[in-house]
Amino acid sequence: MNIFAIDDETAMLSELHQSIQEARPEAEIHDFRFAAEALEAITESGMIPDIVFSDIELPGMNGLDLAVRIKQFAPMTKIIFVTGYSQYALEAYRQHINGYVLKPIDAEQIRQELDYLTEPYRQDSDKIQVRCFGYFEVYWHGKPVSFGRQKTKELLAFLIDRNSICTSEEISDALWEDETDIRACKTRLRSLLHDLKETLSGIGVNNVVIRRRDTIGIDPTFLDCDYYRFLKGDIQAINAFRGEYMKQYSWAESTLGNIMSRGNMKWSR
């Protein structure tokens, strides 16, 4: 097992290294004080880590930005964050304690987090499960939601992607980019909206779609979405990201570009 330990504080890095070594004596551990050094080891030396333990706050960047950058070159690498925040402050930062090691670090914490990496993705069974990483898919109680039209599914994908109120024109431009007949687009959109509401109502979930005059949006409180979890720093969602996002939709490339650009920053040492 190849493990990277990253912390810009020398004492903390030594403590992290010793705890990992105690928890996994067979592991090959590589220490780095700066994100750039770790990335150089991956990109130039071909050292692909199985697991990365990284401080959340590093000079010039945060842990999520580093995770995205690592995923560009090593998509299967698992990330575990290290933080000095108190548990109460950390709970305000994210929803789940797993995937984060709290300082002071000890071997038992490391063991628990390594064991947690093998657990299945936890989903909220009371919400619509949405997978954006890879191909866009929608599930209800573990079963795929059946859409009568592929464009209806694409409409839901676009609303989830934007996570804001959209105008009819914005939606039409994405779903029918070569269509110039605005009236025809609005007619099609009304039909898709009706179909989407019927589909969601059919699984017993209403009020997901928000309609206000000529704008349309989605209520994210009804969704358990990997992309939304990712943006909140949920470690399972971060580790589920493989550099792919809503692969079947060309308009989603801009969001993928925004995700990837998080890591494309210059770091100071």
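Student: Is Phe 158 buried or exposed?
Tutor: Phe 158 is buried, with a relative accessible area of 2%, where buried means under 20% relative accessible area, exposed over 50% and partly exposed in between, using a 1.4 Å probe and protein chains only. This is a predicted model, in which local features need pLDDT of at least 70, side-chain atom pairs count only at pLDDT 80 or more, and totals for chains, interfaces and linings use all residues. Residues are numbered from 1 along each chain as its sequence is written, and side-chain values use heavy atoms, with hydrogens and water left out.

Student: OK, and how many aromatic pairs are there in the whole structure?
Tutor: A search of the whole structure finds 10 aromatic pairs; rings of Phe, Tyr and Trp (its six-membered ring) pair if their centres lie within 6.5 Å, and planes under 30 degrees apart count as stacked, over 60 as edge-to-face and the rest as tilted. The rings of Phe 158 and Trp 251 have centres 5.2 Å apart and planes at 80°, so this pair is edge-to-face.

Student: Which aromatic cluster has Trp 251 in it?
Tutor: Trp 251 forms one aromatic cluster with Phe 136, Phe 158 and Tyr 249, and Trp 251 is itself buried, at a relative accessible area of 11%.

Student: Switching topic, what is Ser 172 in contact with?
Tutor: Leaving aside neighbours within four places in sequence, Ser 172 is in contact (heavy atoms within 4.5 Å) with Glu 177, Cys 185 and Leu 189.

Student: Why does Ser 172 count as buried?
Tutor: Ser 172 counts as buried because its relative accessibility is 7%.
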